[in-house]
Amino acid sequence: MDRTSFTNLVNLIGRCTYTGEPVLPKDSLLYSEYMLLNELNPLKIDNRPLPTEYKKQLIEDLFIYPASKQKGKVTKKKIYEYLKSKGWISKATNIDSISGIDDKIKSDLRSAFGSAQPSAGLWAISRCSTASFRAEEMI
């Protein structure tokens, strides 16, 4: 890579207006995942937090590889139906027992993937140790 190309590439990196540090683009996989986790982490069922393994599976099934019949945004009702279908909550539990989230989840991973279906390889890139380390730095 010649010096001009490198300089042009460096100029494309966004900077924080306060500190001047490099920042992630809003459409990056890592930032999209971070925003989604910010919305899902307060999720509680009967005032108990949802286990991490359940959250990972929920993200994979509802956000990364949604069923073809699932249209539109993920809502509290869709999450409730998903938890019931997996057997993670009893059928007697009502939707009002879910707290900590809004009626609609604003974040999604579609902005990072565009209109294309995400590939396992692309998702794996965002899950590498360097990306995880950067996410921990953001928190």
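Author: A residue counts as buried under 20% relative accessible area, as exposed over 50%, and as partly exposed in between (1.4 Å probe, protein chains only), while helices (H or I, at least four residues) and strands (E, at least two) are DSSP runs, numbered from the N terminus. The model is predicted, so local features need pLDDT of at least 70 and side-chain atom pairs count only at pLDDT 80 or more, whereas totals for chains, interfaces and linings use all residues. Residues are numbered from 1 along each chain as its sequence is written, and side-chain values use heavy atoms, with hydrogens and water left out.

Reader: Which residues of helix α4 are buried?

Author: In α4, which spans residues 76–86, the buried residues are Lys 76, Ile 79, Tyr 80, Tyr 82 and Leu 83. They lie on the same side of α4, because they cover an arc of only 165° around the axis, taken from the directions from the helix axis to the C-beta atoms. Lys 77 and Ser 85, on the other side of α4, are exposed, and just after the helix Gly 87 has a positive phi of about 80°.

Reader: What covers the buried residues of α4?

Author: The cover includes α2 (29–40), β1 (44–45), α3 (52–64) and β3 (98–99).

Reader: Where is Leu 50, and is Leu 50 buried or exposed?

Author: Leu 50 sits in the loop between β2 (48–49) and α3, and it counts as buried because its relative accessibility is 6%. Apart from neighbours within four places in sequence, Leu 50 is in contact with Leu 43, Ile 45, Lys 55 and Leu 83.

Reader: Which residues touch the most other members of the largest nonpolar core?

Author: A nonpolar core is a set of buried Ala, Val, Leu, Ile, Met, Phe, Trp, Tyr and Cys residues joined through side-chain atoms within 4.5 Å. Here the largest such core has 20 residues, of which Leu 40, Leu 58, Phe 63, Ile 79, Leu 83 and Ile 105 touch the most other members. At least two residues of this core come from each of α2, α3 and α4, and α3 supplies the largest share, five residues.

Reader: In what order do the strands of the open sheet stand?

Author: Strands pair if DSSP finds at least two bridges between them, and the open sheet has three strands in the order β2-β1-β3, with antiparallel pairing. β2 and β3 stand at the edges with a single partner strand each, so one side of each is left without a neighbour in the sheet. Two bridges join β1 to β2, and Ile 45 stands opposite Arg 48 in β2.

Methods:
Contact means heavy atoms within 4.5 Å.
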